[in-house]
There are 2 protein chains.
Amino acid sequence: MNTSNSTEHARRLDALLERMREHELGLVLLFDRDNIRYFTGFRLNRVVASILAISPEEGPTYIVAKLDLNRAKRDGWIERVIPFPEDTPNYLDALRPLFGNSGKRIGVEKDSLTLSQAEYLRGLSSEKSEFVDVRAITSELRAIKSDEEIACLRRAAEIASNVMELVQGAIRPGVREIELSSWTEYLIGQEGAEGASFEPFFMSGENAWLPQRISSQKVLAEGELALLDMGAIYDGYCSDITRTFAIGDISPEQEQIFRVAREAQQAGIEAIRPGVRACDVDAAARTVIEDAGFGEYFPHLTGHGIGISSHEMPIADRGVETILQSSMVLTVEPGIYLPGIGAARVEDMVVVTPLGCEVLTSAPRGLTGKKE
Amino acid sequence: MNTSNSTEHARRLDALLERMREHELGLVLLFDRDNIRYFTGFRLNRVVASILAISPEEGPTYIVAKLDLNRAKRDGWIERVIPFPEDTPNYLDALRPLFGNSGKRIGVEKDSLTLSQAEYLRGLSSEKSEFVDVRAITSELRAIKSDEEIACLRRAAEIASNVMELVQGAIRPGVREIELSSWTEYLIGQEGAEGASFEPFFMSGENAWLPQRISSQKVLAEGELALLDMGAIYDGYCSDITRTFAIGDISPEQEQIFRVAREAQQAGIEAIRPGVRACDVDAAARTVIEDAGFGEYFPHLTGHGIGISSHEMPIADRGVETILQSSMVLTVEPGIYLPGIGAARVEDMVVVTPLGCEVLTSAPRGLTGKKE
């Protein structure tokens, strides 16, 4: 994203500043790259660190590696961009001027800040300062998507759907799993994404029911069920989609687990509307699988929120009381992993609408790749 | 890797246990995925968490997600594999039985453990327990590669070299950066790697001298210098290689910065042998660039160690006193980023040998892709 979106990002930061006032936070230090992209819109190489510091008095300060300074100044909307210092023993010294001498309540992401960073920040701050976890605040802000975010997620879902249809043409006995997942990576770039949401994986036969969750050198064989799970990033926003394929002729049992997984997914999607709990969506899908006698072979959640992170709030799983709201975006992906038989999962992304939900991913869902 | 390599991995764990005795550590808890792969050999999906707990009395315990349990038991060499608990409020409760009541010195990676994990572990442990950073220990163990590791790194370097030569054929004016980096991802899978060491990036023209460090939708234009930085993973081990390309005809100034960057790299490689300091390698390369008048346009380190992590010990940069030893593996990659003109960097991987070093990457280094 670029300066044309600065209004959107400034609005997001204003929402955070409001929460900071409510929670009496004198400073927030964000280290999590997805949180930083949410507020800055700035894209960094995935392995590169930066810090976004937000003070109610001084506004945002963006601290980046020297190598990223020129670009952050050119492309970012935040005016105060400074480099990590090179003449001090620790790069976190860049934050020293922000702490001051007064005891402040300082917001950090406790599941992102490392222990060594925390110990160093503790040394920079007044003894009276208290570190407070702001993850719940940022997760809640990010869970409800703006129209601009939904437009990006819609495009990311379209790209993933297009790629899924294209990859399908290459699936046949004798091809290796890794060939199909690397072909997926290629197509993700060709179709206009900035990259893959996560390393795509294609699992077939035993690898699928284990489930392996990585692509291997295994060759696809006649009579197997196989899964491709992948997603694309468009302007920072992730998509996530899974389809199940039959490699040649399959057995009635294999057809059955696919049919049940697909029906469970449909039940999950139909349960989604504002006001229901995330666990109700899980229950709707899980009941279909349990009623068919496969309950113990569905060992994961039914769905997860998606946005700048490929997994974020809300989580649709047992015991999760989160209330779904309009403009949340989540996946629905119940699956069955039956040893000796195969695995089946159909995953789509939906946006919660005032009356229910709209499915954003569109690639054919049938086992053969044909429209149902 | 699989059970056939269990001897190698058990040997690595024995070396850690010896350090634990020296440092009087009663327990080590590893959360860093690369450290865990080093000791277990087990490959997980990149976004999935696991914990390796090592006790001098009980040996290793590997704690994985329920979804990964079957495969970890089948493919791993560690006998005690347990799943994260699902019926407790926090998955770290799996570690509770390991702490005991006595105060222990507990080794953790302070730059990998998050603050929330640290706070929870603190609650599980006796008040007399002390958390000690073991990063220096694991980094030192991993810096010297075994013959088996060097064989993997050699293969990873070969794959990257092959891919670099193949991508070169697709580089021409009018192609988008992202097309070339996604083509690189495809070829990495085709050539036998398990995946890419990091998201490959192709930067051209202004994007290269910024430097952008990500691929964009920008189209390659006549008269630009362009860089591709990428690597492959073979059996857990990373490679890393960069080449610079001329898009059509380039100017004498562009040729000059390429020639200087290449000479600096050669000087760095020639400085490598057991007993020299890492900063001496940096100085050898940096002096060439400074003497040519481009010192301020070389804003990064000269090289970094590489193994299971794409960046690890030793770091070849100013002020780093690490003494190079035989069987260390590192990159050499000085670069020049000259605004308005272009960027040039040639990066190769070398293994330190008793008398000097051997270059592991082999793709043609000339601007046009022809052998020099």
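I began with charges over rings: the charged end of Arg155(A) sits over the ring of Tyr234(A), 5.9 Å from its centre. My criterion was NZ of Lys or CZ of Arg within 6 Å of the ring centre and within 35 degrees of the ring normal. Arg12(A) does likewise, with its charged end over the ring of Tyr38(A), 4.6 Å from the centre.

Housekeeping: this is a predicted model, where local features need pLDDT of at least 70 and side-chain atom pairs count only at pLDDT 80 or more, while totals for chains, interfaces and linings use all residues. Residues are numbered from 1 along each chain as its sequence is written, chains are lettered from A and ligands numbered from 1 in the order in which they are written, and side-chain values use heavy atoms, with hydrogens and water left out.

**Across the interface.** I looked up Gln190(B), which is found in helix α8 (residues 177–190) of chain B; helices here are DSSP runs of H or I, at least four residues, and strands are E runs of at least two, numbered from the N terminus. Gln190(B) has 18% relative accessibility, so it counts as buried (under 20% relative accessible area; exposed is over 50%, partly exposed in between, with a 1.4 Å probe and protein chains only). Leaving out residues up to four places away in sequence, Gln190(B) touches Arg176(A), Glu179(A) and Ser182(A), where contact means heavy atoms within 4.5 Å.

**Aromatics.** I counted 15 aromatic pairs over all chains. Rings of Phe, Tyr and Trp (its six-membered ring) pair if their centres lie within 6.5 Å; planes under 30 degrees apart are stacked, over 60 edge-to-face, the rest tilted. Tyr186(A) and Tyr186(B) have ring centres 6.2 Å apart and planes at 50°, so I logged the pair as tilted. This pair crosses between chains, from helix α8 of chain A to helix α8 of chain B. Together with Trp183(A) and Trp183(B), Tyr186(A) and Tyr186(B) form one aromatic cluster.

**Cores.** I defined a nonpolar core as buried Ala, Val, Leu, Ile, Met, Phe, Trp, Tyr and Cys residues joined through side-chain atoms within 4.5 Å. The largest has 47 residues, and those with the most contacts inside it include Phe202(A), Phe202(B) and Leu180(B). Apart from it lies another core, of 39 residues, among them Val28(A) and Ile308(A). Phe202(A) touches, among others, Ile171(A), Leu180(A) and Phe245(A).

**Cysteines.** How many disulfides are there over all chains? My search of the whole structure gave 0, taking a disulfide as two cysteine sulfur atoms within 2.5 Å. Cys152(A) counts as buried at 6% relative accessibility, and Cys238(A) is buried with a relative accessible area of 3%.
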